[in-house]
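Work through the exercises below with the model open beside you. Try each task before you read its solution.

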Amino acid sequence: MPERKKFTLTDSDPNVSEDSAFGTGWRDTWVFQCPDHMQLLIQAGDEFSLKAYDSADVEYVAPDARVEVLVRSAGGEVYERIYGPDNYICSKEFQDHKLTAKLNLDHPVLVKPRDKIVFRTSDSTGMDAASVANSYCRLVTSKII
Amino acid sequence: MLIEPFVITQEDSDVTQADTTAGVMGDLFSYRVPKGKSIILRPSDVLCLDLDNTAAAVAANTCVVKLEKRDQTGAEKTPIIDKLQYASFAASGVGEFQDEDKLIHLDINNEIEVGEQEYLVLMGNNPTTGLDKDTSFMSLRTHSKR
């Protein structure tokens, strides 16, 4: 019988790649590719947080800053949205559990080996390598062992 | 059919934005459901707002807000949130988007489906100055079906 264990995914995970090229609008800022030995089970109530800075080193501001999280198949041809696309302000909290964004899922989402979790951000100023390095995100979920 | 979380914001490409006129209930953000998709509204869904007026100040606490569903012609209207003061969404004019204890849930008893090409419209009536589409923003946390 498989067991579930708490798993905290951050942008510094070794299986996360980041898009450090300059660009405005929607971008796949961080992409986690699930390794071969792992499966994640994303459920309603899992917590998501993201802090983002633009290329002027200014924190994302409303109204044009938005965030979304997708689960994509390895080839990218199939996707399911697990968060957003919501205003940035909704997911910027990392500490207070009453304020952190919770996933509003209708059903659990299984992330299989080689599947990807894609953290997408959008604003009009854009991000570059330095601002991506200053930005960070976290998804508190479960892995199946 | 896949039901997944979906948030309608003012920046969605299917949203039409318009400033409103002072003292008149007008459409601020109008979302038209694209083809091949529908929106599933539930009583647990949340609407968050931050409204500014066209004089670069926050909207009045007494600004009246409505959210309604409209059919494809715009003629048949169903209230989803009916005439709620902006003060319900904001403290000192700053909209609440995070605190679970303060978020506003939809004023419906059952699930409502908004079909393709139908509308969800956020309306506002700010007493002395119209609402500014460029500095106001919203999040309607709901689900979509595709």
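**Exercise 1. Classify Q117(B): buried, partly exposed or exposed?**

Step 1. Take the cut-offs: a residue is buried if 20 or more other C-beta atoms lie within 10 Å of its own, exposed if 12 or fewer, and partly exposed in between, with C-beta atoms placed from the backbone.
Step 2. Q117(B) has 14 other C-beta atoms within 10 Å, so Q117(B) is partly exposed.
Step 3. Find its place. Q117(B) sits in the loop between β11 (112-114) and β12 of chain B. Strands (E, at least two residues) and helices (H or I, at least four) are DSSP runs, numbered from the N terminus.
Step 4. Check the backbone. Q117(B) is not a glycine, yet its phi is positive, near 70 degrees.

Two notes on reading the model. This is a predicted model: local features need pLDDT of at least 70, side-chain atom pairs count only at pLDDT 80 or more, and totals for chains, interfaces and linings use all residues. Residues are numbered from 1 along each chain as its sequence is written, and chains are lettered from A and ligands numbered from 1 in the order in which they are written.

**Exercise 2. Describe the five-stranded sheet of chain A.**

Step 1. Read the order: β2-β3-β10-β6-β7. The sheet is open, and its pairing is antiparallel.
Step 2. Apply the rule for pairing: two strands pair if DSSP finds at least two bridges between them. Strands of a sheet pair through backbone hydrogen bonds, either parallel or antiparallel.
Step 3. Look at one pair. Between β2(A) and strand β3 (residues 27-33) of chain A there are 3 bridges, and the two run antiparallel. E18(A) has W30(A) as its bridge partner in β3(A).

**Exercise 3. Now describe the five-stranded sheet of chain B.**

Step 1. The order is β2-β3-β12-β6-β7, again as an open sheet with antiparallel pairing.
Step 2. The edge strands of chain B are β2 (15-17) and β7 (77-85).
Step 3. From one strand to the next, the twist averages 15 degrees.
Step 4. Strands β6 (residues 64-70) and β12 (residues 119-125) of chain B pair antiparallel over 7 bridges. Within this pair, L67(B) stands opposite L122(B).

**Exercise 4. How many helices and strands does each chain have?**

Step 1. Chain A has 1 helix and 11 strands. Its order from the N terminus is β-β-β-β-β-β-β-β-β-β-α-β.
Step 2. Chain B has 0 helices and 13 strands.
Step 3. Buried residues make up 38% of the 145 residues in chain A. In chain B, 40% of the 146 residues are buried.

**Exercise 5. What does each chain bring to the contact between A and B?**

Step 1. Use the cut-off: two residues are in contact if their C-beta atoms, placed from the backbone, lie within 7 Å.
Step 2. Chain A gives 21 residues and chain B gives 20 residues.
Step 3. On the side of chain A, the largest share is 8 residues, from strand β7 (residues 79-87).

Note on methods. Axes fitted to C-alpha atoms, helices over the stretch in contact; angles between N-to-C directions.
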